[in-house]
Each structure stands twice: as C-alpha cells, then as structure tokens.
Amino acid sequence: MNQTPDPAPNASGEDATDPRVARRNKLNQLVERGIDPYGSRFDDRKLISQCRELAEEVKFVTKDGKTLDLPDFDAGDVDYRQWKTDNGPGEEVGPKVRVAGRIMLARPTGKLIFLNLKDWTGNIQIFIGKNQVGEEDFDLAKLFDLGDLVGAEGRLGRTNTGELTVFAEKLFFLTKMLEPAPEKHAGLTNPDLRQRMRYADLAFNDGVIETFLNRTRIVKSIRQTLDNDGFCEVEGPTLHTIPGGAAARPFMTHHNALDMKLYMRIALELHLKRLMVGGMERVYELGRVYRNEGLSPRHNPEFTMLELYQAYGDYESMMDLTEQIIADAIQATGGDFKRKFDGKMVDFTPPFQRATYADLFQKATGIDPTDDEGVMAYAKKLKLETANKHPDVIRNEIFEEKVEDSLEGPIFVIDYPASICPLTKRKRDNPEIAERFELFVLGMEIANAYTELNDPDLQQELFETQLQGQQEEDSMAKMDHDFVRALRYAMPPAGGLGIGIDRLVMLLTGQRSIRDVILFPVLRPETNE
C-alpha cells in the first residue's frame, strides 16, 4: 500500500469515513470503560512458538475417563470432527496459556469472533465466544481493530477443523493502533515505504522479521566461530584523523573543541593492526563503516564489516577461516548449503573454488595480463580511458569490467597485482604479485583478505605512492605516520580478513537488495509533494 494521506476534515473537524477517526472513536470508548488504551505489564505470557510446542499436551478424554492422543494434524487431511465422533462422547483438554500479539485478521460471526494473533515467533488463532469470555469482554472485543496489540488467556486446543487455537476465557487490551492497517492482500509493497516505515514492514509483511532474525543469527554465529578460535573482540574508534585502510571517499566532520577535521571511518584495519603490534594476536571487530558513495542494491553508505587479524597466519589461513565462518553461519540459519539467490542456486559447500587473478583475466579476455601492449589495446577496445594511467590500474578496470560479473562462485580470486594492494605482502618468488584474495559470489565481492604487510619501510614507501591515473578515493596512498611508527615496533607476520556482513546476509537469506537486510538504510528525505 501507499501511505494514506490525512483526510480533509468536514465542518465538525472530522471525516466519519476516515479509518483513523473510527480508531480514535474506539480509543475514546476504551477510555470511557476505564481501560488504558496503551496497556500495562502483561506477565506470564507464552510466545506463540511455545504454545505450538505445547500442542502435544492437548488430549481428548472420553466419557469413561480414557485419555487419547489427538491425531497427527501434520500428516495430512484429518477430519477431527469425525475422529471425535468415532471415539464417542468426551471432551478435549489442554494447558492454559496467556498470549499477546498483534491482530492480523478478525472474523466476527454473531456470538463468535476469530482472531489471528501474531508475535515475533509466529501466528495463532484466538477463539472468542460470548459465552466463554462473558458479555463485558465480548463487548471489549468489538473495539478491537486490525493491528491492535491484545492479550488473551485461555485453554489451548483444536477447532473442529484441527487448527491450533487459544479458546479465550479472558481478554486484555494492550495498545491501540491509530493508523489504518495495510490492505490484506496488497500489503505494504512500495519499496521506499517499506524501508522508510520499517516498523510497518516488520509488523505486516510476511518473512521480514525472519530475515532480520536470521541476520542476528548470522552475526551471533560469526562471533561464536571466532571466539571458539581464540579471537578477541574489540572496539576501535569511529572518528579518524586519516581516512585509511581502504580505498573510499570518506564522510567528513569537525570537532569543535579541538578545532580539527575528522573522518568517519572507512575501514577497521589500521587500528586493529596496531593492537597486533601490542601483542593482541587474534583480534576482530564487527563494526559500522561509512563510505561516501552512491546507493545501489549492493551499496549503502553505512554498512557493517567484519575485520580480523591473526598473528602468524597468511591469506591461505584466511581462506580456511572464511569457509568456516560461512559454513557455521549457514548452519545457524537452517543448514542448507545450497541457497537460491536472484533466481540462481549457489552451493556453499566447502572447499570453495580458487583461481588466480591472472588466469581469470586471460580466460575472460584472451590476453596475457603481463602483455602491457595487449592489455592497452584491449582496454581501448572496451573504450576505457588509458591516458596517463598505470598499467595495473588499467588491468584492474578490465578485470572489473569483464571478469567480476561472470564469477558465479563462491570463488576465491587470489594473487592480485601488487601495486594495487599497498597493505599486502608480496609473494616471495614474484614481488609483482600480492598475497591477496577476494571472495566472489554471483559477481558480488563478499570478502577481502591479505597476507599482511609488516615491513615499515616498504609500507611508508607505498603510502607515498599514488598510482598514475588512479582517483584519490580509489587509492590507499594516504600517509599514516603513526601506523608506520607502530610497524617499527614489530607487527608479527599475519593474515587479515574483511567480510561484508550485509552482502553475506543478502546471499544467505535470498534478499536481492542490501536495503532489505539493513533495518534502517539511508534514504532521501521524505517530502509531502
């Protein structure tokens, strides 16, 4: 649905046909009855999922006192009415429960009202009979609207159709919803409104809460995997004096008391490495980073990164750890290693494929990446700008254009040109190659890892080297004198890894847009036009 505009008032200031007016009228009636329309403490409630776990406690007691298990309603069509007839006179018994949630559906039929009640664990039917709850509570139920939060206390049982139901004996009003509920069939469908009004999206659209609960399970699993492997979680600063550790345009701010420019962090890397120097041998942070870039289904200016560093490891250690992190996250969200994303099936069963940057480049282009003239000619064929650009910058633009989108994966792309990896250790047998990998799935980069550079003299030299033709925001040539000084105190050989949590959640939950896995993504200001 689109957001309903405020109606034009009539001469009395109200529009009697406006559902908001009708809801406020019911709110006033609640107040007149002495009922707080915004509720109070509601103890001893059971989650709806817990009620469903109690379904086996619902029994049928025959007239002669025999207790019978109910038929298996999950096995297929069960004629429960006939089953009871076949077993003779008796009554159904079940545990008493108290539930609370949002009204998603209401079906009044004379002296009976059926509600579908939803909490964050599921849905359950509520049976409200005038004879069972009494006239006062039945009149209260007539003031219920879709979206209201209510409570019910009663026996857990089955209707004649076999549906698990709370047969209410007492009702509680917990909060009146003043806005009209989305249309039953259309729902809240406008993508912008869904993201802007996330509260309504969560409340009324199926599967949204489960997506974000799965995000929580994934993050919790990542922490558990790393904690079990001896890593220590830390918190680095969000405000930096130098926007380092990645190639990105930062957000800038100003500190008034110190009268200095500061940057929102674009990466977690350099402060975590300082901790490595200090002797914290396995560290990680799950934190927000901020990059002043455009919006797309795969980009949000504010996003969550995992960065970790392991002393005495390398990029191959990080490949093994990446596979373990993803495998454990999959187990935490259902355990199926084959996940569908954007209409394609992805098999996350370890080990993942590994291929070199050079081999993938040559396979996609037919050009030997070490052939500078051939690379230049191919770039011109793609109509890429080549003037005053370093050959590795051109090579990487070709790679992004021709290779990345074709990578179905999961695949580790390993051994990048060293010149575009200034924080990475070179291969011993070939200093032109950096020990770096990126993990791609369906053309989307999920992880980036290095064998970390710990030579302070080389690091200083690389910080001072701006590759020709590379835009400033695409360069990591930003001198951080304190970081170089830290390296002079000896950082151990190490492997480092960064994983984009939002993109990983997208893949594991089947969401095509990063905005659908971030609770409150960056949006344009709302207008009334």
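**Ground rules.** I am working with a predicted model, where local features need pLDDT of at least 70, side-chain atom pairs count only at pLDDT 80 or more, and totals for chains, interfaces and linings use all residues. I number residues from 1 along each chain as its sequence is written, and side-chain values use heavy atoms, with hydrogens and water left out.

**Helix H8.** Seven of its nine residues are buried, so the rest of the structure largely encloses H8. Buried means under 20% relative accessible area, exposed over 50%, partly exposed in between, with a 1.4 Å probe and protein chains only. I listed the buried ones: Glu269, Leu270, Leu272, Lys273, Arg274, Met276 and Val277. Next I checked the cover. It includes strands S13 (282-290), S14 (302-311), S21 (444-451) and S22 (494-500), plus helix H14 (481-487). Contact here means heavy atoms within 4.5 Å. After H8 comes Gly279, with a positive phi near 110°.

**Strand S1.** I then turned to S1, residues 59-62. Phe60 and Thr62 make up its covered face, Lys59 and Val61 the uncovered one. In a regular strand the side chains alternate between the two faces of the sheet.

I traced the partners of S1 (strands pair if DSSP finds at least two bridges between them). S3 (residues 90-93) pairs with S1 antiparallel over four bridges. Lys59 has Val93 as its bridge partner there. S2 (residues 67-69) also runs antiparallel to S1, joined by three bridges. Phe60 is bridged to Leu68 in S2. S1 and S2 form a hairpin with four residues between them, and Gly65 in the turn has a positive phi of about 90°.
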